[in-house]
Amino acid sequence: MAHANDFPDADHGHVRAADSHHGHDPHDHGTGLYWIVFLALAGLMIATVLVSYINMGHFNVPVAYGIASLKAALILWFFMHLNRSTRLTQVFAFASFVWLGIFLIMTLGDYISRNMVPRAQAQTMIRKVDSYDVVSGSRHNKLDTVGPEEDLGVQERANTPGVTEHKNH
Amino acid sequence: MSEIHATAPLTHPGSPVLDSQEPRQFTGKETDGHVHTFFDQDQYPAMHFEDAGQQKLAAALGMWAFLATEVLLFAGLFLVYTIYRNLNHEGFFLGSHMLDIPKGTANTMVLLLSSVCVVLAVNQAQKGNSRGIVRNLIFTMILGLVFFVIKGFEWHHDYEEGLVPWMQWDGDRLGDKNFQLRLFMVLYFVMTGTHAAHMIVGMVLLGVVAYKAHQNRFRPDYYTPLEMVGLYWHFVDIVWVFLIPTLYLIDLYAKTPGGGH
C-alpha cells in the first residue's frame, strides 16, 4: 500500500472510491475483510479463555498478554485503518506504545530490582551484617537491614547492645 | 500587480500538490441551507488548511496523540495492578476466581462486534450512504448498552456477594488475606469503572456523530468526525481486550472450565 507521498488517502482513495462505486479501486474494500478480522478476533478470544485454564507455569502471563497484543494489533491495523494511514500517522500510533514501553519497563525494573544489590556490594554487606548482632529469621531480608548510609559509625553502634534490633520490628 | 494576483495559484507556492483539482469547497448550503462541517465552519477544508488532505491528517494526528495520553492513563492502572498483584498474589489469585468468566467473555464478544459495526459505519460513509452510517452506529450503541447490562448484572452479583469495597464488603472472608482481596476488588472496580466511563463518553460521541449523519453532514470525502470517534471506540475496545486477561484470566490455570467458584 505504497503512497506516493505522505498525505492521507482522503484525496487519493476515498474520493476515487466514491467516484467509482463498483469496487475497482483497491481502497474501496468490501466488508468481507472486516468480518474475517472479526472472526479471527473472536477465535483468539475463545482461545485465550481456554488456554488460561491450562497451567503453563511461567508462560501463563506471557501467553495471555501475547494473545491480547495480537488482538490489539488486528484492531489497530484493520479497524483503526493503520493499514491505509500515512507513515506519519503510523509513527504517531507506534509512539504511544514506545511511551508505554518506557513507562512499564522502567517502573517495573525499579520494583523488580529493589531487593537486588551488586554481588560485590552484597558480599561486603553480608560480611558486615554477620559481624553484628542481627536477629536471624526476622521478616526483613538481611541485606535490607543495613544500607550504605548506615555503614558510617557502625563500630560504635555495634558495641551498644540492642541497636540493630529496632530494624527488625 | 493586478495581473500577478489574477494568475497566481491559490495555494501556497511551497505546498505539495496532491492532485490537479481545485480544493473542494463545501459551503454546506447544498441541501438544506445549513452549514455542514463539524464545527460549523463555512467551508471545507477549513481556511487555515492547505487542502482537505492536510486537514484530515491534522485531525488524525491530533486524535492519535490524544489516544497516546489515554494509553498512558490506562497503563498507570495496569502498572498498579501488576505491582500489587506481585506483592499480594494470594488475594489477587482468589479475587480473580470470584469474577464471572462467562459474562466477561460475552462482554468481550459484544465489544468486538460493536467495533465491527463502527468500521461498517465508516465503510458506509466512504460509500456516501448516510442511512447506512446511522444504522451501523445505532447497532454500535445497542451493543454498548448490552455491554452495560451484562456489566450491571456482574456488578450486582458482586454486590450481593459482598465484594464491593465501598458499599458491601464481607470483612470476614479469607481472614488475614481479606486486605489483599479487598485491594484486588478495588482495582477491579477502578479499572472496569474507568473503562466504563470511557464507554459512556464514546456512546455519547457516537450519538452525536449518528445525529450528524442523519442530517446528511458527511460525504464520501468528508467523514472525519465519524472516523475519529471510531478510533476512540476501537481504543476503548482494545483496553477491554487487555483488561480481560489482566483481571479475569491470568490466574485461572488452577481451575477447570465450568467449575464453580
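How many salt bridges does the rule count over all chains? Over all chains the count comes to five, where a salt bridge is a side-chain nitrogen of Lys or Arg within 4 Å of a carboxyl oxygen of Asp or Glu.

## Basis of the model

This is a predicted model, in which local features need pLDDT of at least 70 and side-chain atom pairs count only at pLDDT 80 or more, while totals for chains, interfaces and linings use all residues. Residues are numbered from 1 along each chain as its sequence is written, chains are lettered from A in the order in which they are written, and side-chain values use heavy atoms, with hydrogens and water left out.

## A salt bridge within chain B

B:Arg85 forms a salt bridge with B:Asp251, with 2.8 Å between the closest N and O atoms. This pair links distant parts of the chain, 166 residues apart, since B:Arg85 lies in helix α2 (residues 52-87) of chain B and B:Asp251 in the segment after α7 (224-249) of chain B.

## The interface of chains A and B

The contact (heavy atoms within 4.5 Å) takes 56 residues from chain A and 59 residues from chain B. Between them the two chains bury about 5,200 Å², 78% of it on carbon and sulfur atoms; buried area is the accessible area (1.4 Å probe) that two parts lose on being put together, summed over both. Across this interface the rule finds zero salt bridges.

On the side of chain A that touches chain B, the elements giving two or more residues are α1 (10-19), α2 (32-51), α3 (60-79) and α4 (87-112) of chain A, helices being DSSP runs (H or I, at least four residues) numbered from the N terminus. The largest share of that side, twelve residues, comes from α4(A).
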